[in-house]
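Subject: Structure handover

Hi,

Here is the structure for you to look over. My notes follow below it.

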Amino acid sequence: DWLAIELPPHEQRVQAAEGIRSSLMLPILQGEECIGALSIARRQPGEFSAKEIALLRAFADQAVIAIHNVRLFNETREALERQTATADILQVISASVADPRPVFEKILVSCERLFGGSQLIVFLVGDDGLLHLAAMRGPNPDRSECTRKIFPVPLEGTATEQAIRERRVVTYANVLQDPGVPDGLRRTATLYGENYSLAVAPMIWEGRAIGSIFVGRETLQILDPKEQALLKTFADQAVIAIQNAKMFRETNE
């Protein structure tokens, strides 16, 4: 089936400028969803034949298959990358029973690679109730050094405190503009003249606050649900490493 339509004025001007006298457009459909269109144009006036329309429809169907294959490939590759990252961290956990710091570093490297994070931090809640910086990774050494000098800080009013209190991954697309951003976080971002999106995954053990993993990136876009789930897995693995080191010390004592 086909339908002849009168083009909008702006498209008429474009086609006239190109010398186009007739055109044919078919939707690229995936189920009931239109995901694109396939169009051809020519400088000769006249209708397209039924064979030409059928051929273009076949090309549109082939385009759907190609797009679907690419999506499947990307999803499979992303799933494999995530599984590999979690397996690599587990391997570091098994090789570093007494010290969780190599695990923290491996987690931050994975966050940088998989999420495109530019500010990557592991925070720990100390016995003093303050928030301590346990590991940090970022492209700006001067900025990192300044950040290290700030800590430890009170836990209250931080994104880590919010993530632990709400027992979920906390995300903001814009730390300077989004409503509900913790005051301390917004003040720090304003102080350094920086704006970024962030995700903070809580680290909790038997109801007790352990810390968090902080991922900030310059692209003002929050992590998608799959990325948030992976970040939560990393946080759980960090807790395992911390508890392993604690049990190792207690056993030695």
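How many bridges join β7 to strand β8? There are 9, and β7 (residues 197-205) and β8 (residues 208-217) run antiparallel. Two strands count as paired if DSSP finds at least two bridges between them. Helices (H or I, at least four residues) and strands (E, at least two) are DSSP runs, numbered from the N terminus.

Some ground rules before the rest. This is a predicted model: local features need pLDDT of at least 70, side-chain atom pairs count only at pLDDT 80 or more, and totals for chains, interfaces and linings use all residues. Residues are numbered from 1 along each chain as its sequence is written, and side-chain values use heavy atoms, with hydrogens and water left out.

The sheet

Strands of a sheet pair through backbone hydrogen bonds, either parallel or antiparallel. Here 6 strands form an open sheet, with antiparallel pairing. The order is β5-β4-β3-β8-β7-β6. β5 (153-154) and β6 stand at the edges. Each has a single partner strand, so one side of each is left without a neighbour in the sheet.

β7 and β8 form a hairpin with 2 residues between them. In the turn, E206 has a positive phi of about 50°. I204 has A209 of β8 as its bridge partner. On the other pairing, β6 (residues 170-172) and β7 are antiparallel over 3 bridges. β7 is mostly covered: 7 of its 9 residues are buried (buried means under 20% relative accessible area, exposed over 50%, partly exposed in between; 1.4 Å probe, protein chains only).

Helices on the sheet

α3 lies across β3 (119-125), β4 (130-137) and β8. It runs at about 65° to β4. α7 (residues 225-252) also packs on the sheet, where it touches β3, β6, β7 and β8. Its direction makes about 40° with that of β7. Axes are lines fitted to C-alpha atoms, for helices over the stretch in contact, and angles run from 0 to 180 degrees between N-to-C directions. Contact means heavy atoms within 4.5 Å.

Helix against helix

Two packed helices are described by the angle between their axes and the distance between the axes. For the wording: angles under 35 degrees count as roughly parallel, over 145 as roughly antiparallel, 65 to 115 as roughly perpendicular and the rest as oblique.

Take α2 (residues 50-95) and α3 (residues 101-115). They pack at about 170°, with axes 9 Å apart. They are therefore roughly antiparallel to each other. From α2, the contact uses E81, A85, D88, I89, V92 and I93. From α3, it uses P102, V103, K106, I107, S110, R113 and L114. By class, these residues are 8 nonpolar, 1 polar and 4 charged. Ala, Val, Leu, Ile, Met, Phe, Trp, Tyr, Cys and Pro count as nonpolar, Asp, Glu, Lys and Arg as charged, and the others, Gly among them, as polar.

Next, α3 and α7. Their axes come within 10 Å and cross at roughly 170°. That makes α3 roughly antiparallel to α7. α3 contributes V103, F104, I107, S110, C111, L114 and F115. α7 contributes E227, L230, L231, F234, A238, A241 and I242.

Last, α2 and α7. Their axes are 10 Å apart, at an angle of about 5°. α2 and α7 are therefore roughly parallel to each other. Among the residues in contact are R82 and I89 of α2, and K226 and F234 of α7. This contact has 8 nonpolar, 4 polar and 3 charged residues.

- In α5 (residues 159-166), A159, T160, Q162, A163 and I164 are buried. The buried residues of α5 pack against β3, β4, β6, α6 (183-191), β7 and β8.
- Just after α5, R167 takes a positive phi of about 55°.
- Q243 sits in α7. It counts as buried, at 8% relative accessibility. Leaving aside neighbours within four places in sequence, Q243 is in contact with W205, R208 and I210.
- T188 lies in α6 and is partly exposed, with a relative accessible area of 29%. The C-alpha atoms of T188 and T147 are separated by 9.4 Å, and the two are 41 residues apart along the chain.

Best wishes
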